[in-house]
Amino acid sequence: MKRILLLCLISITLWSAESVAVLDNLKNEVGIRRGGDVITPSDSGEELYRGDIIFTGSDGALSILFNDGSTVALGNKSVLKIDDYLFEPSRKKYRFDLFLKEGSAIVETGKIGKVSPKSVTFRVPEGTIGVRGTRFFVKVH
(Lines give C-alpha, C1' and ligand atoms only; values in the text may rest on other atoms or scores of the structure.)
Protein backbone atom coordinates (compact mmCIF):
# COMPACT_ATOMS: atom_id res chain seq x y z
CA MET A 1 0.00 0.00 0.00
CA LYS A 2 2.84 2.40 0.82
CA ARG A 3 4.46 1.68 -2.57
CA ILE A 4 1.26 2.57 -4.40
CA LEU A 5 0.93 5.79 -2.44
CA LEU A 6 4.57 6.65 -3.11
CA LEU A 7 4.16 5.97 -6.85
CA CYS A 8 1.07 8.17 -6.93
CA LEU A 9 2.92 11.01 -5.21
CA ILE A 10 5.86 10.71 -7.59
CA SER A 11 3.51 10.68 -10.60
CA ILE A 12 1.63 13.73 -9.36
CA THR A 13 4.90 15.58 -8.73
CA LEU A 14 6.24 14.75 -12.21
CA TRP A 15 2.92 15.61 -13.86
CA SER A 16 2.63 18.96 -12.13
CA ALA A 17 6.22 19.97 -12.93
CA GLU A 18 5.82 19.68 -16.71
CA SER A 19 6.41 22.88 -18.64
CA VAL A 20 3.36 23.95 -20.68
CA ALA A 21 4.69 27.05 -22.44
CA VAL A 22 7.56 29.49 -22.78
CA LEU A 23 7.77 33.27 -22.76
CA ASP A 24 8.82 35.21 -25.85
CA ASN A 25 9.17 38.83 -26.98
CA LEU A 26 9.55 40.25 -23.46
CA LYS A 27 9.38 44.03 -23.29
CA ASN A 28 10.17 46.06 -20.16
CA GLU A 29 8.42 45.08 -16.91
CA VAL A 30 7.17 41.46 -16.90
CA GLY A 31 6.99 38.87 -14.16
CA ILE A 32 5.73 35.48 -13.07
CA ARG A 33 4.11 34.58 -9.76
CA ARG A 34 4.75 30.92 -8.99
CA GLY A 35 3.68 29.65 -5.61
CA GLY A 36 4.85 32.33 -3.18
CA ASP A 37 7.69 33.52 -5.38
CA VAL A 38 7.92 36.31 -7.95
CA ILE A 39 10.23 35.58 -10.86
CA THR A 40 11.57 38.30 -13.13
CA PRO A 41 12.45 36.65 -16.45
CA SER A 42 15.38 38.29 -18.17
CA ASP A 43 15.03 36.75 -21.59
CA SER A 44 12.78 34.72 -23.87
CA GLY A 45 12.54 31.01 -23.22
CA GLU A 46 11.47 31.13 -19.57
CA GLU A 47 9.33 28.03 -18.99
CA LEU A 48 5.79 28.34 -17.66
CA TYR A 49 3.77 25.84 -15.62
CA ARG A 50 0.16 25.22 -14.60
CA GLY A 51 -0.81 27.70 -11.94
CA ASP A 52 1.66 30.38 -13.04
CA ILE A 53 0.40 33.95 -13.02
CA ILE A 54 2.03 36.10 -15.69
CA PHE A 55 1.89 39.88 -15.39
CA THR A 56 3.09 42.96 -17.23
CA GLY A 57 3.76 46.46 -15.93
CA SER A 58 2.61 49.79 -17.34
CA ASP A 59 5.17 49.53 -20.16
CA GLY A 60 5.40 45.74 -20.36
CA ALA A 61 4.34 43.23 -23.00
CA LEU A 62 5.13 39.63 -23.88
CA SER A 63 4.09 36.57 -25.83
CA ILE A 64 3.38 33.10 -24.48
CA LEU A 65 4.02 30.11 -26.76
CA PHE A 66 2.13 26.99 -25.61
CA ASN A 67 3.22 23.43 -26.41
CA ASP A 68 0.35 22.93 -28.89
CA GLY A 69 1.25 26.05 -30.86
CA SER A 70 -1.31 28.35 -29.21
CA THR A 71 -0.07 31.88 -28.58
CA VAL A 72 -1.16 34.61 -26.20
CA ALA A 73 0.19 38.14 -26.56
CA LEU A 74 -0.30 40.20 -23.39
CA GLY A 75 -0.45 43.98 -23.46
CA ASN A 76 0.59 46.34 -20.71
CA LYS A 77 -0.94 46.16 -17.20
CA SER A 78 -2.14 42.59 -17.76
CA VAL A 79 -2.51 39.67 -15.39
CA LEU A 80 -3.08 36.17 -16.80
CA LYS A 81 -3.25 32.85 -14.93
CA ILE A 82 -2.68 29.45 -16.50
CA ASP A 83 -5.36 27.59 -14.56
CA ASP A 84 -4.98 24.35 -16.47
CA TYR A 85 -3.27 23.04 -19.56
CA LEU A 86 -2.88 19.54 -20.96
CA PHE A 87 -1.70 18.57 -24.43
CA GLU A 88 -1.41 14.82 -24.88
CA PRO A 89 -2.39 14.02 -28.49
CA SER A 90 -1.38 10.35 -28.17
CA ARG A 91 -4.05 9.91 -25.46
CA LYS A 92 -6.42 12.49 -27.00
CA LYS A 93 -6.42 14.49 -23.77
CA TYR A 94 -6.60 18.25 -24.00
CA ARG A 95 -7.25 21.19 -21.67
CA PHE A 96 -6.59 24.88 -22.21
CA ASP A 97 -7.94 27.01 -19.38
CA LEU A 98 -6.73 30.59 -18.93
CA PHE A 99 -8.03 33.46 -16.80
CA LEU A 100 -7.33 37.09 -17.79
CA LYS A 101 -7.86 39.07 -14.59
CA GLU A 102 -6.99 42.44 -16.13
CA GLY A 103 -5.40 43.99 -19.20
CA SER A 104 -5.54 42.82 -22.78
CA ALA A 105 -4.63 39.76 -24.80
CA ILE A 106 -4.58 38.54 -28.36
CA VAL A 107 -5.15 34.79 -28.37
CA GLU A 108 -4.54 32.43 -31.26
CA THR A 109 -5.50 28.86 -30.59
CA GLY A 110 -3.23 26.06 -31.76
CA LYS A 111 -3.79 22.34 -32.15
CA ILE A 112 -6.07 22.06 -29.09
CA GLY A 113 -8.45 24.61 -30.59
CA LYS A 114 -8.53 22.68 -33.87
CA VAL A 115 -8.94 19.11 -32.59
CA SER A 116 -10.90 19.80 -29.39
CA PRO A 117 -12.42 23.30 -29.35
CA LYS A 118 -14.59 22.38 -26.34
CA SER A 119 -11.40 21.96 -24.33
CA VAL A 120 -10.50 25.64 -24.77
CA THR A 121 -11.70 27.91 -21.98
CA PHE A 122 -10.76 31.57 -21.75
CA ARG A 123 -12.22 33.35 -18.75
CA VAL A 124 -12.40 36.99 -17.68
CA PRO A 125 -13.88 38.43 -14.46
CA GLU A 126 -17.25 39.00 -16.18
CA GLY A 127 -17.56 35.45 -17.56
CA THR A 128 -16.23 32.97 -20.08
CA ILE A 129 -15.46 33.69 -23.71
CA GLY A 130 -16.81 31.15 -26.16
CA VAL A 131 -14.08 30.34 -28.64
CA ARG A 132 -15.56 29.96 -32.14
CA GLY A 133 -12.60 30.89 -34.26
CA THR A 134 -8.90 30.59 -33.97
CA ARG A 135 -7.96 34.18 -33.08
CA PHE A 136 -9.53 36.81 -30.84
CA PHE A 137 -8.74 39.96 -28.86
CA VAL A 138 -10.00 40.59 -25.34
CA LYS A 139 -9.62 43.57 -23.02
CA VAL A 140 -10.58 43.67 -19.35
CA HIS A 141 -11.08 47.01 -17.60
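This is a predicted model: local features need pLDDT of at least 70, side-chain atom pairs count only at pLDDT 80 or more; totals for chains, interfaces and linings use all residues.
Read along the sequence, the chain runs α-β-β-β-β-β-β-β-β-β-α-β-β-β, which comes to two helices and 12 strands. These elements are DSSP runs numbered from the N terminus, with helices (H or I) needing at least four residues and strands (E) at least two. Residues are numbered from 1 along each chain as its sequence is written, and side-chain values use heavy atoms, with hydrogens and water left out.

Now for the chain as a whole. Of its 141 residues, 40% count as buried, where buried means under 20% relative accessible area, exposed means over 50%, and partly exposed is in between (1.4 Å probe, protein chains only).

On the inside, the largest nonpolar core holds 29 residues, and Ile64, Phe66, Val72, Leu100 and Phe122 have the most contacts within it. Such a core is a set of buried Ala, Val, Leu, Ile, Met, Phe, Trp, Tyr and Cys residues joined through side-chain atoms within 4.5 Å. At least two residues of this core come from each of E1, E2 (30-34), E6 (61-66), E7 (71-74), E8 (79-88), E9 (93-108), E10 (120-124) and E12 (135-140). Strand E9 gives the largest share, six residues. Setting aside neighbours within four places in sequence, Phe66 is in contact with Val20, Ala21, Val72, Ile82, Tyr85, Phe96 and Leu98.

Beyond four places in sequence, Asp97 touches Lys81, Ile82, Asp83, Asp84, Thr121 and Arg123. Asp97 and Lys81 are 16 residues apart in sequence and 8.7 Å apart in space, C-alpha to C-alpha.

Ser19 sits in the loop between helix H1 (2-16) and strand E1 (21-27). With a relative accessible area of 18%, Ser19 is buried. A polar atom of the Ser19 side chain lies 3.3 Å from the backbone oxygen of Ala21. Leaving out neighbours within four places in sequence, Ser19 is in contact with Glu47, Leu48, Tyr49 and Asn67.

Technical notes: A polar contact is a pair of N or O atoms within 3.5 Å; within protein, one must be able to donate a hydrogen and the other to accept it, and residues adjacent in sequence count only if both atoms are side-chain atoms. Contact means heavy atoms within 4.5 Å.
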